[in-house]
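Please consult the sequence and the structure shown below.

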Amino acid sequence: MSQKDVKEAFVSNLNGTSLQEVALGSLLSPVCFINRGLILILYYQAKGTLPLPLPLLSHLFLDFSVLILPLVLSCTILSSVLQHVIPSLLFVTVCVYCYVHLKNQHPQNTFSSFLQSHVQFKQIPFVTIFRVLVNVKTAISILAVDFSVFPRRYAKTETYGTGVMDFGVGAYVFANALVCPEARGKGFTGPRMNHIKKQLLSVWPLLTLGMGRLVSVKMTGYHEHVTEYGVHWNFFFTLAIVRVVASLLLAVLPASRSWAYAILISGLYQFALEKSELKAFILHNNDREKDFLHANKEGIFSVVGYVAIYLAGVQVGLYVMQPRSLVRQWLKALFNLSFASLALFAALWACQTLTEPVSRCLANLSFCIWSVAQSLLFLCCIGFADMVLLFSKKTSGCHLVPSSWSLCKKQSDSDQKTDDMDGLCLVQAVSRNQLLFFLLANVMTGLTNYVVDTLSCSSLLSVCVLVLYMFMNCFVIYLLHVCGITIKFW
C-alpha cells in the first residue's frame with residue numbers, strides 16, 4: 001500500500017465512542033477557563049494591578065498554556081485517563097476558588113446581592129467562548145487524527161456512531177448559526193431578491209476555500225476519506241450551502257419558529273431515509289463514476305441534516321440574544337438551556353431506540369438531535385463557568401478578566417482597562433478572525449502532513465508537533481489581533 005492508502009485506511013471504518021465520553025470532554029474547557037480567570041485574580045490580589053508583566057508575551061503564554069494546551073493533551077496522551085484528570089483539575093479549581101474567597105476584599109458581598117447585580121458586555125461572553133473553543137477543538141482534531149496518539153474512537157465514524165470529531169462538525173454549524181443575522185434579529189429590508197443576492201454573494205469566501213481545497217487535494221495527491229463527504233465535496237461547500245438554504249428559508253418564514261422548521265426538516269428527512277431507498281443509496285452505492293450526485297452523495301444529502309441543525313442554532317441564538325441585564329436573568333436562561341439539553345438527550349434515546357443510531361454520514365435525525373443537545377450542554381457549561389468566575393470577580397474586586405462578564409461599574413476608566421485586557425486575550429484574537437483561523441489550521445495541517453510522517457511518530461513527538469502547530473496558529477492570529485487587524489473575506 002502507498003503512504004496515501006495507509007493514511008486513508010487509518011481514518012476509515014471507525015465506530016466512535018460513547019455519548020458519555022463526549023459529554024465528559026465538555027467539562028474540561030469550562031474548568032480551564034475558570035482556572036485562567038482565577039490565576040489573573042490571584043495575581044491582582046497579590047500585586048493590585050493587571051495586566052501581567054511583559055503583557056504581550058505573558059498573556060499569550062498564559063492563555064495558550066491554560067486554555068489550548070490541556071485540549072491538546074486531552075485528545076492525545078491523557079485521553080485514556082480523562083475521567084481522572086477532569087475531577088482532579090476540578091478539585092484544584094475548587095481549592096483555588098476557596099483561597100480567593102478567603103482573601104475576600106468585599107465581605108459584604110452575598111450571593112443574593114450577586115443575583116441582583118447588573119452585567120455589561122459588548123458580546124455575550126459564553127457565546128463567544130463557545131464559538132472560539134469549537135474552532136480551536138476543530139483545529140486540533142483535523143491534524144491530531146493523522147497521528148496514532150489520537151484515539152481512533154475520537155475520529156469521525158464511517159457510518160454509525162458518535163466520535164468526538166462527529167460532534168465537532170455539528171457544533172461548528174450550530175456555532176455559526178448562533179450569531180447569524182437572523183439570530184441577532186437583523187431581518188432583511190428592501191426587495192426580497194436583493195436579500196437573496198446578498199446571501200449568495202456572502203458565501204463566496206467559503207465556495208472559494210472549498211474550490212481551493214478541492215484543487216489542492218487533487219493536484220497534490222493528498223490523502224482523503226472519500227466516504228466522509230464524497231469525491232469532490234468538502235466541509236466548506238457544506239457550510240456555504242447550509243448558509244444559503246437557511247437564509248432563503250428564513251427570508252420567507254419567521255425566524256421565531258426556527259425550531260419548528262428544524263423538527264419538520266429533520267423529521268421528513270428521517271422518514272425519507274426509512275421509507276425509501278435513500279439510506280441504502282448513501283451507505284452502500286459505490287458507483288461513484290456515474291455522475292456528480294453518485295460521486296458526492298454523502299456531502300449532498302447530509303446538507304439536509306445540517307440545515308436542521310443550523311435552524312435549531314438560530315432559535316437558540318434568538319433566545320440567548322434577548323435583552324437581559326441582571327445576573328439572575330442570565331442564570332435563569334442558562335437553566336432553561338440546560339433543561340432543553342436534557343430534554344433533547346431524552347429525545348435522542350427515544351430516537352435511537354425507535355429509528356436508528358447517530359450517523360454523521362447520513363446526518364440523520366439522531367445526529368441532529370445529538371449535535372444540538374451536546375452543543376447546548378457545552379454552551380451551558382461555559383455559561384455556568386463564567387458565572388462562577390463573575391462571582392469571584394465581584395468578591396475579589398478584580399474586574400479585568402477578559403472574555404468574561406463584567407459588572408456595571410462607575411469608574412470612568414474601567415472600560416478603557418477592559419479594552420486593554422481584551423487586546424491581550426487569545427480568545428478575543430481567535431474570535432476576531434475565526435474564518436482565517438480555520439483556514440490557517442487547514443493549510444498548516446496539509447503542510448505538517450508533508451513534512452512529518454505522522455503515522456510513525458512516537459507519542460511524545462506527536463504531542464510536540466501538535467503543540468507547535470497550535471502555537472503557530474495562535475501566534476499568527478494573536479499578532480493580527482494585537483495589531484488591530486481584522487481580515488474579512490467579504
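Contact here means heavy atoms within 4.5 Å. The model is predicted: local features need pLDDT of at least 70, side-chain atom pairs count only at pLDDT 80 or more, and totals for chains, interfaces and linings use all residues. Residues are numbered from 1 along each chain as its sequence is written, and side-chain values use heavy atoms, with hydrogens and water left out.

**Threonine 17**
- Leaving aside residues up to four places away in sequence, threonine 17 touches Val22, Arg153, Thr162 and Gly163.
- Threonine 17 lies in the loop between α1 (3-10) and α2 (19-25); helices are DSSP runs of H or I, at least four residues, numbered from the N terminus.
- Its relative accessibility is 15%, so threonine 17 counts as buried (under 20% relative accessible area, 1.4 Å probe, protein chains only).

**Salt bridges**
- The count comes to nine salt bridges, each a side-chain nitrogen of Lys or Arg within 4 Å of a carboxyl oxygen of Asp or Glu.
- Aspartate 63 pairs with arginine 36, the closest N and O atoms being 3.0 Å apart.
- This pair links distant parts of the chain, with aspartate 63 in helix α4 (residues 55-74) and arginine 36 in helix α3 (residues 28-47), 27 residues apart.
- Aspartate 63 is buried at 2%, and arginine 36 is buried at 0%.
- Glutamate 298 forms a salt bridge with lysine 297, with the closest N and O atoms 3.1 Å apart.
- Glutamate 298 is buried at 2% relative accessibility, and lysine 297 is buried at 0%.

Technical notes:
Helices (H or I, at least four residues) and strands (E, at least two) are DSSP runs, numbered from the N terminus. Buried means under 20% relative accessible area, exposed over 50%, partly exposed in between (1.4 Å probe, protein chains only).
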